[in-house]
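Please keep the sequence and the model in view while reading.

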Amino acid sequence: FLTQIGERPETRHLNDQPLQTAISHFALLMRDRAPNRALPLTNRIAFFGSPGAGATTALCKQLASDVFLRGRQAFVMKLESDEPNSSEELSMFCEALGVPLLRTRAELRKVPEDSIVYFDVPGMVFTGKTMRHLQKTFDELDIPSRVLVVNAAYERQLIQDAYTRAGALGASHVVFTHVDEIPRCGKLWEFVLDDGLVPLFASTGQNIAADFDRHVIDLLVRRTLSAGDE
């Protein structure tokens, strides 16, 4: 990432600037490189990722935001697969919010069209079989918004593999979790600046009501520069 930035004409003068001035200019360059795109979520949204990515927690953070801040009527549907997908914690959270937890397609058909429905997908290893099953499920349930949840603490290659497979599944957005657990965020820049998935938010802790940041670029700028100061 630094090599790519260094090749840009507007960065060549930074070495001649005072340190704080150069840092400020560098931060602006990073923000300017971010794709300027917006892709609103639809009324049907699936959160999926590999085991340990925190897809259910990410779903709960978005759900809490919609219910508390936007006052929207929401439902959650638990999708089943060959992988175990315990619903106890999600069930308790939905009950606390007064959000119905759906388990069958018959229940889903009774949901008002203007209501938002979140689909909780169990963490899964992205094999050909599981991807075909997930693609078929998304298509059958008419889920346009497909949110890849990525554990930011994973190695870069694992994140890249998740991106590649998510693209084949028609993913639209991405959530980065466990950002608070990594000392440096440099490896995330290439994914945030990618023209494909739109960053929805970054999770910075387990507090569902507070520990997330929708301004992902600004968060990475702050964490990248603070890591540099260390």
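## Helix α6

The model is predicted, so local features need pLDDT of at least 70 and side-chain atom pairs pLDDT 80 or more, while totals for chains, interfaces and linings use all residues. Residues are numbered from 1 along each chain as its sequence is written, and side-chain values use heavy atoms, with hydrogens and water left out.

T130, M131, L134, T137 and F138 are the buried residues of α6, buried meaning under 20% relative accessible area, exposed over 50% and partly exposed in between (1.4 Å probe, protein chains only). Seen down the axis of α6, these residues fall within an arc of 130°, so they line one face of the helix; the arc is that of the directions from the helix axis to the C-beta atoms. On the other side of α6, K129, R132 and K136 are exposed.

The buried residues of α6 pack against β1 (44-48), α5 (105-108), β5 (145-151) and α7 (156-168), with contact meaning heavy atoms within 4.5 Å. After α6 comes D142, whose phi is positive, near 55°.

## S172 in its loop

S172 lies in the loop between α7 and β6 (173-177), and counts as buried because its relative accessibility is 10%. Leaving aside residues up to four places away in sequence, S172 touches L39, P144, S145, R146, G196, L197 and V198.

How values were computed:
Helices (H or I, at least four residues) and strands (E, at least two) are DSSP runs, numbered from the N terminus.
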